[in-house]
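Let's walk through this structure together, starting with the whole chain and ending with a few of its parts. Please keep the sequence and the model open as you read.

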Amino acid sequence: MKEMLATLGLSSLDELMDKAVPQPIRSSRPLQIGEALTEHDVLLRLRELAASNCAATSYIGMGYHDCVTPPVIQRNILENPAWYTSYTPYQSEIAQGRLEALLNFQTMVIDLTGLEIANASLLDEATAAAEAMAMLHAAQGRKARSSKFFVASDCHPQTIEVVQTRARCRGWKVVVAEWRDFTVLEGELFGALLQYPGTDGAVDPGIVDFTASTRDAGVPVIMATDLLALTLLTPPGEIHADIAVGSSQRLGMPMGMGGPHAAFLAARESFKRQIPGRIIGVTRDAYGKPALRMALQTREQHIRREKATSNICTAEVLPAVVASMYAVYHGPKGLRRIAESIHIRASRLAAAICAHGGLSVARETFFDTLCLRGSANVVQAAFSRARAAGINLRRLAEDTLTVALDETTSDSDLTRLLQVLIQDDVLPTTEVSTLPPSLSRQGHYLQHPVFHSYRSETEMLRYMRRLDARDLSLTTSMIPLGSCTMKLNATVEMMPITWPEFAAPHPFAPVEQNPGYTKVFAELEEILVEITGMARVSLQPNAGSQGEYAGLLVIRQYQAERGEGHRRICLIPASAHGTNPASAVMAGLKVVVVACDTEGNIDVEDLRAKAERHSVELAALMVTYPSTHGVFEKAITDICRIVHEHGGQVYMDGANMNAMVGLCRPGEIGVDVCHLNLHKTFCIPHGGGGPGMGPIAVAEHLVGYLPHHSVLAPAGSDEEKTIGVISAAPYGSAVILLISWSYLKLMGAWDLEQATRIAILNANYVACRLDPCFPVLYRGREGFVAHEAICDLRGFKKAGIEVEDLAKRLMDYGYHAPTVHFPVPGTVMIEPTESESRQELDRFCDAMEAIREEIAEIERGEVAVEDSALRNAPHTQDIVLAAEWNRPYSREQAARPASWLREHKFWPRVSRIDNTFGDRQLVCFCQPVEAYAEPSPNTNVED
């Protein structure tokens, strides 16, 4: 630290803080969260909390089921830092393993749903349904024919409520009704949502006639469905559905009190440019070799910004990888065998109940869930016996309960169920299917060799290891992405997420069964309140994008309650994250862009003018602090005051909170709402692009408007004021909250502040070292940056050098590129975080300086751009080992341009990727094996 400070011409961290962080925003008091615990003590405390959770068996269903995570997948994917510390695959050449796993996921979804195209995951089933609804409304075009949307009453209740929340802020009307009694009229609706099988377990053949008549009326149909059930049932695409959504949770991902789980969305080909989230597509590299990358609107959303119809940061990559590997491991026969086992057991249980009397089976055709009816007294007695026996059932009505079986259900479990339901234990041995023959699945699925090649654990292990070797993660080197805070995810923090006591609970189990979880939630909320200086925190948003959306809804609801629902203008600085304008549009707001000055700060006069111009309609300002330009703006308190003077609220994007913890509090600056990226500042790993969590913190006057949940409403929420339900589960992806809780307990107050100080030191050290080569574009008034620095490469354009050349050449040095072209085109944004050592920072800077010398060679005319190592980067093994080598630089310079690469070399799997080729002919599923025949490294693509 002393040496790094000396490089900056400073003598202490305090001196750096005084120069980098404006005094007016510095917090008036230190953090009050206690001292740090040791790793040993944190694990002991977590063991105590885990032990207090009840080991109940849940047959609640509602889209959540117990399952078996194959140990080979648990250890080598879910618990493997090579998978959970990687970044979103924007740099495709060093993410081919993850991209292949996601392509497998898409292929699985396409095959099982019978639709033509699928995305690479969404957050949960409920938000996927809401995204599908928004997608259908957008597909109508500007001259929308209808603003009414139909939802079948037998959809999962949490899905209905999330859809209603999403529709309310957009001015759409949701009609909830029994689909069997509903007649769809032409032009009346812009879409319809059905559940297949229904939330009560029903598999009704009549659904085919309803979907046919709905489509005949010109109304697209969304089906929320179950992938495991679709191994036995006719897929949605064959019964007139246009879109299918659902959760892949039961394919190997524990319930975890609600998540994280990968949702999916599949659609017909005609919707390919409206599909939300990310799509993985097949393309080729510079030598014609097949390659994978994120396609279409994945990139377009960054460009469209305020015109985007969905948010790019809605993905659950790690759970999607788990689900895809579950399908790869079991294959189509294995999946069908699991589904048949569940269904046959459900049928045997139904037969025993019917033979006994007292309770009746209300739905004659079902997959895994029985709907049982009886008198209120009989149902209550059965429910009470189950609860006493440690069994959770679902009370659908006073005279109705449901029992949802799963992969883990055994014959002994069926006997226990019979004892509590009918006080008998005679279980029929007859295996009879109760699925309607007209909906029996015909034809094959999952026919690609990847779903047939890895049946033994040995082969499965080797396949997963081959894939993770193709990805650069934090296990390889630092990932210096600006605004993405790729920091240490300590092993001890990750351990408890797979402990059964935390992994097993159902999100809708009785609250009193899981006091360990309740304690974690309460303590985490309390600490986050202390850190932010706000009044209350909601843990429900299960992504940073969801936090943005929820925070804006809180503002809108607050203003509506005050008779100011007409406020629809959201001011957003030009430097804002691309997710900000997308979230504003999703919240029903109109975006007005505020200019930045030449130093990268918000132009206060432009802000003042636009706040005055839109004073009557001003709803909010969305501001990122420190700014996306990597500086602390001294005018932030004035900015907040101006917005408040015109009746608006200030929303702070907490993506850069890593530069604030312990030094300054949003609540003391004048912020009304902020979201926190727990997967950034608070150490939940990125997982290749998810899972994440985005809790929101609000000031006192907004507390009553926080999200609630109809199944488990947080104490103190006012259902008359609340914005409603925004995620499927009450606490979002609850199990990963353990990671942030552990991080905060391990750090304590002093270390949290010290981490922030070191993050700022590291950023300024890197900025100082790189500035002579790549000028730092923006600095604070004292000449220092905050936690990240933007380096300007625009001056090299006259030599023919593009930002992409530096990004791809860094791969040869074993590094992921910084954030490219954001927030300023032609620049890179670097954030080293506090996790990286001096040695690693120096290696990265050495690599950047070496690349600068390679640029200088081009500038001096010694090497032509097209023949340079930069333009031909990255260099794969195939290229370097090719028989012919006719380049002006050596093979050694191509592949090992730095000394440390002799100790360890990360090889990109493919050469520079051709994105345009893949977009011209979109392919988002696994290709036939012959498509992967590799051309010679010297082959000309056009030939």
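Predicted model: local features only at pLDDT ≥ 70, side-chain atom pairs only at ≥ 80, totals over all residues.

Residues are numbered from 1 along each chain as its sequence is written, and side-chain values use heavy atoms, with hydrogens and water left out.

Let's begin with the whole protein chain. Its secondary structure comprises 29 helices and 26 strands; both are DSSP runs numbered from the N terminus, with at least four residues (H or I) for a helix and at least two (E) for a strand. The radius of gyration is 28 Å, close to the 30 Å that the globule rule gives for 943 residues, so the chain is as compact as a globular protein of that length. Here the radius is taken over C-alpha atoms, and the rule is 2.2 Å times the number of residues to the power 0.38. Along the principal axes, the C-alpha trace spans about 90 × 70 × 60 Å.

Of the 943 residues, 65% count as buried, that is, under 20% relative accessible area with a 1.4 Å probe and protein chains only.

Now find strand E6, residues 221-226. Why is E6 described as largely enclosed by the rest of the structure? The reason is that 6 of its 6 residues are buried. Val-221, Met-223 and Thr-225 point one way, Ile-222, Ala-224 and Asp-226 the other way, and all are buried. Strand E5 (residues 191-196) runs parallel to E6 and is joined to it by 5 bridges; one example is Gln-195, whose bridge partner in E6 is Ala-224.

Next comes an open sheet of 3 strands in the order E10-E9-E26, with antiparallel pairing, where pairing requires at least two DSSP bridges between two strands. E10 (290-294) and E26 are the edge strands, each pairing on one side only. Strand E9 (residues 280-285) pairs with E10 over 5 bridges, and Thr-283 has Ala-291 as its bridge partner in E10.

Finally, look at the loop between helix H28 (891-895) and strand E26 (913-914), where Ser-911 is found. Is Ser-911 buried or exposed? With 2% relative accessibility, Ser-911 counts as buried. Leaving aside residues up to four places away in sequence, Ser-911 touches Glu-93, Asp-285, Ala-286, Tyr-287, Asn-872, Pro-874, Thr-876 and Ile-879.

Note on methods
Buried < 20%, exposed > 50% of the residue type's maximum accessible area, 1.4 Å probe, protein only. Contact = heavy atoms within 4.5 Å.
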